[in-house]
Amino acid sequence: MPHLSKIRINPRRRDAIRLLGNPQAMHATVLAGITEQPVTERVLWRLETSDRHQPHLLVLTHSKPDWTHLVEQAGWPQADGEHALVRDYTPLLDRLARGREFAFRLTANPIQNTRRPEKLTASQAERANRAADKPTGAERPVRGYRLAHRTATHQLGWLLAKTPRLGFEIPAVLGDNGAQSDEPPSADVLLTARNQLRFRKNSSERQVTLSTATFEGRLRVTDPTALRAALLEGIGPAKSYGCGLLTLAPLPTDQSHG
């Protein structure tokens with residue numbers, strides 16, 4: 001039975017500062033909340049930091065977690081209020097129906113695969129040099145390079161290209177009046193945040209650079225089964241680092257199903 005958790009983070013605590021700044025450290029802390037170790041289930045998480053004074057962490061797990069350690073390390077363990085909300089995710093999954101509309105939020109790592117990148121990262125350049133040093137006739141890597149989309153246009157295009165196989169579409173923006181326009185209607189989605197994170201998996205490894213984009217908008221269900229899979233398994237790469245968790249919420253006026 002899947003569960004969605006929401007944990008309050010105290011941004012002034014030393015451990016919280018470390019976790020907020022290092023997705024690798026946050027990933028390890030999140031996995032520590034799963035009772036079955038080593039963890040084999042898919043775990044998705046996302047930091048919500050639009051209010052820097054009251055950040056919180058969302059985590060989707062397939063088993064019921066325990067966040068006592070996280071509250072004690074990076075929350076307000078002695079304060080009033082609920083420190084870690086854990087809710088059954090099944091009711092939302094059961095509401096998925098073709099044609100139904102939801103508000104959505106997604107932080108993702110939009111990427112492209114190419115064989116001839118214009119500019120290589122340090123790790124990609126190292127891989128290319130190793131391949132070039134191989135003797136003639138030796139087996140060479142056939143896979144391409146994974147590069148981040150860096151412009152807002154390409155990041156939005158990445159999401160819109162994915163939606164058909166994810167079980168939803170993003171409708172056009174609802175017009176406020178009947179005015180005619182020669183421009184095609186735009187999709188009802190905004191790119192609300194774009195970040196580039198730099199961190200190390202451990203002190204001995206090269207720095208990791210991760211480009212993220214946060215999308216908010218309105219979606220319409222086209223395939224409930226495919227959308228359920230996207231919700232539970234995540235969207236795009238870098239899921240261990242806080243990307244891929246798609247969350248849904250009722251629209252202010254849900255007219256899609258009475």
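1. The side chains of Arg 218 and Glu 101 form a salt bridge with an N to O distance of 3.0 Å; the term denotes a side-chain nitrogen of Lys or Arg within 4 Å of a carboxyl oxygen of Asp or Glu. This pair joins distant parts of the chain, since Arg 218 belongs to strand E10 and Glu 101 to strand E5, 117 residues apart. Helices (H or I, at least four residues) and strands (E, at least two) are DSSP runs numbered from the N terminus. Both partners are buried, that is, under 20% relative accessible area, with exposed meaning over 50% and partly exposed lying in between (1.4 Å probe, protein chains only).

2. The model is predicted: local features need pLDDT of at least 70, side-chain atom pairs count only at pLDDT 80 or more, and totals for chains, interfaces and linings use all residues. Residues are numbered from 1 along each chain as its sequence is written, and side-chain values use heavy atoms, with hydrogens and water left out.

3. Glu 101 also forms a salt bridge with Arg 220, the closest N and O atoms being 2.7 Å apart. Because Glu 101 lies in strand E5 and Arg 220 in strand E10, this pair ties together parts 119 residues apart in sequence. Glu 101 is buried at 12% relative accessibility, whereas Arg 220 is partly exposed at 26%. A network of salt bridges links Glu 101, Arg 218 and Arg 220 with Glu 169 and Asp 188.

4. Another salt bridge connects the side chains of Arg 46 and Glu 48 (2.6 Å, N to O). Arg 46 is buried at 2% relative accessible area, and Glu 48 is buried at 8%. The search of the whole structure finds nine salt bridges.

5. The second largest pocket has a volume of about 440 Å³. It is lined by 22 residues, of which Leu 47, Thr 49, Asn 195, Leu 197 and Thr 212 lie nearest its centre. Elements giving two or more residues to this lining are helix H1 (14-21) and strands E2 (44-48), E5 (101-108), E9 (189-200) and E10 (207-221). E9 contributes the most, with four residues. A pocket is an open set of points on a 1 Å grid over the protein atoms alone, where a 1.4 Å probe fits, with protein on both sides within 12 Å along at least five of seven lines; lining residues have an atom within 4 Å of a point. Points are joined across faces, edges and corners, and the volume is the space filled by probe spheres set on them.

6. Overall, the chain has seven helices and 11 strands. Of its 258 residues, 40% count as buried.
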